[in-house]
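Let's take a walk through this protein together. Have a look at the model first, and then we'll pick it apart piece by piece.

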Amino acid sequence: MVQLHVLFEHAAGYALFAVKEVEEIGMLLPMVEECVTKIAKFTSMVSLAAFFPFKSAQGALENINAISEGVVHADLRLFLETNMPESKKKAMLGVSDSKIGAALQEELSFSIQTGGVVVEILRGVRLHFHSLVKGLTAQAASKAQLGLGHSYSRSKVKFNVNRADNMIIQSIALLDQLDKDINTFSMRVREWYGYHFPELIKIVADNSTYCRLTQLIGNRKELSEESLESLEEVVMDSAKAQAILDASRSSMGMDISPIDLINIERFSNRVVSLADYRRGLQEYLRSRMSQVAPNLAALIGEVVGARLISHAGSLTNLAKYPASTVQILGAEKALFRALKTRGNTPKYGLIFHSTFIGRAAAKNKGRISRYLANKCTIASRIDCFSEVPTSVFGDKLRNQVEERLSFYETGDLPRKNVDVMKEAMKEAGDVTTEIKRKLEKKEKKRKKRESKLHEEEVNGGANGMAEIKAENGEAETPVKKKKIKAEAVETPDDVEAPAAEEVETPAKKKKKRKSEAMETEAAEVAPETPVTEKRKKKKIKAE
């Protein structure tokens, strides 16, 4: 009889369940479906054979990544080799994913079953897993699933910050939205201020310039020859500035109150600030495209390249598309309409906004769009998979498109693609080595700066300790000198230490006073003795 084992991958670890004879279970598939929800019946059908818990969250993440990619991890291999029956002919392994099943069958030579009753058994195992494994609670199982789910999601969305195409997608979407909004708001300013100065609409066609003039002019009756210079600065044309001044003097517009004028000026100020922000956003998009997709930007332009990336969803998706898809990207409606009505399919989509198709003749537009789509695909693949981003290939591909355009017009044969690519490879190699050298130099400088800062911190700490010690030493030395001086000043044994005096009792003090009085008397008598002796000698001499 063939014994069926079912492999279940959980966030806590791998589990291997032994099932009753496969023929019996296979015949009773409806019975299995019924007893899945009841733990008592399910345990009589399925029993835990082995369980391998993951040692750490990192190990769990590595295993789940391997399973998702259809690769047999070393832990899974060891687990199955240890716990599966030795005779592989009598053992059958049930797995949920056919991809990992094929890998197991290829590497370990197991008989694999993925459909049928295995799906229902795994459904029951998933439902009652915490009850089937001893020591595992439902709360612990859910925590393990949540933690592994978060770490798995984080690992899947990890990308280089400097090469994030998500920012390009958001920037181009915002740029398109700003274009629509600025156009709508400018029309509103024209209509609103046109009541007061209708002639200005015909003189100034640009929306941004019109809004700036609305701010500058205000009430048209206040315009004079002195305002001519400031008008020239905004319009950048002396003839237009003079025409505005002349039109203000003979305008057919209605008078406007100051409060209405203030509101118009405020609104036009907002429109001007939006236009300035749009210019800044375009510069930001240009810089991001030069970092993320420099070759595509050099070939077709930043805005069109960003639209292609946005429409594809990411640079990786765009790199996966064939040239025929890139050619009609953005013209899906026209394509399906043509397929439905059996009409002519579109020749170009978003790439129509590039300068090449506009410059080509009507009969050559389809041919140049096909050639351009081919070059865009090459550029996007180079940008997606190259380590160091450079625009060398983009410049060479752009020159190839230019040569193809001139070939359609004049008949001059373009260079062969092989020669151009060899030349580009050589230049790209030189540029890449130069960029890598600069990056290594920057890295060395950064490490040197960090080590210097670290040494300064260490030395600063040591100097600080030395200063503290020196301060403590300086505070102690004067005390020692004072003690030495005090010892030198002290009289011999007759004079007692002040500490001893403090401790002395009142009786000892009285004795001390008497002795001091006796000493003073002796001191007074002592100097008198020599005087009396001299007098006696003098008397003897006189006699």
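Which residue forms a salt bridge with aspartate 176? Keep in mind that what you see is a predicted model. The partner is arginine 307, and the closest N and O atoms of the two are 2.6 Å apart. Aspartate 176 sits in helix 9 (residues 165–194) and arginine 307 in helix 16 (residues 302–312), so this pair ties together parts that are 131 residues apart in sequence. As for how open they are, aspartate 176 counts as partly exposed at 25% relative accessibility, and arginine 307 is partly exposed too, at 23%.

Stay on helix 9 for a moment. Aspartate 179 has a salt bridge of its own, with arginine 278, and here the closest N and O atoms are 2.5 Å apart. Arginine 278 belongs to helix 14, so the pair links parts that lie 99 residues apart in sequence. Aspartate 179 is partly exposed at 31% relative accessibility, but arginine 278 is buried: its relative accessible area is 18%, and the cut-off for buried is under 20%. Elsewhere, salt bridges with shared partners join Lys396, Glu403, Arg415, Glu423 and Glu427 into one network. The count for salt bridges comes to 20.

Arginine 77 and glutamate 107 meet through their side chains in a salt bridge (2.3 Å, N to O). Since arginine 77 is in helix 5 (residues 74–83) and glutamate 107 in helix 6, the pair ties together parts 30 residues apart in sequence. Now follow helix 6 (residues 98–108): together with strand 4 and strand 5 it makes a right-handed β-α-β unit. Strand 4 (residues 91–94) pairs in the parallel sense with strand 1 (residues 3–9) over four bridges, and also with strand 5 (residues 111–113), in the parallel sense over three bridges. Methionine 92 has a part in both pairings: its bridge partner is leucine 4 on one side and serine 111 in strand 5.

Methionine 254 comes from the loop between helix 13 (238–249) and helix 14 (258–292).

Finally, step back to the whole chain. There are 25 helices and five strands, and 34% of the 543 residues count as buried. Of the contacts between residues at least 6 apart in sequence, 66% join residues at least 24 apart.

How values were computed: Residues numbered from 1 in each chain as written. Predicted model: local features only at pLDDT ≥ 70, side-chain atom pairs only at ≥ 80, totals over all residues. Heavy atoms only, no water. Pairing = 2+ DSSP bridges. Helix = DSSP H or I, 4+ residues; strand = E, 2+ residues; numbered from the N terminus. Right-handed = clockwise from strand over helix to strand, strands pointing away. Buried < 20%, exposed > 50% of the residue type's maximum accessible area, 1.4 Å probe, protein only. Contact = heavy atoms within 4.5 Å. Salt bridge = Lys/Arg side-chain N within 4 Å of Asp/Glu carboxyl O.
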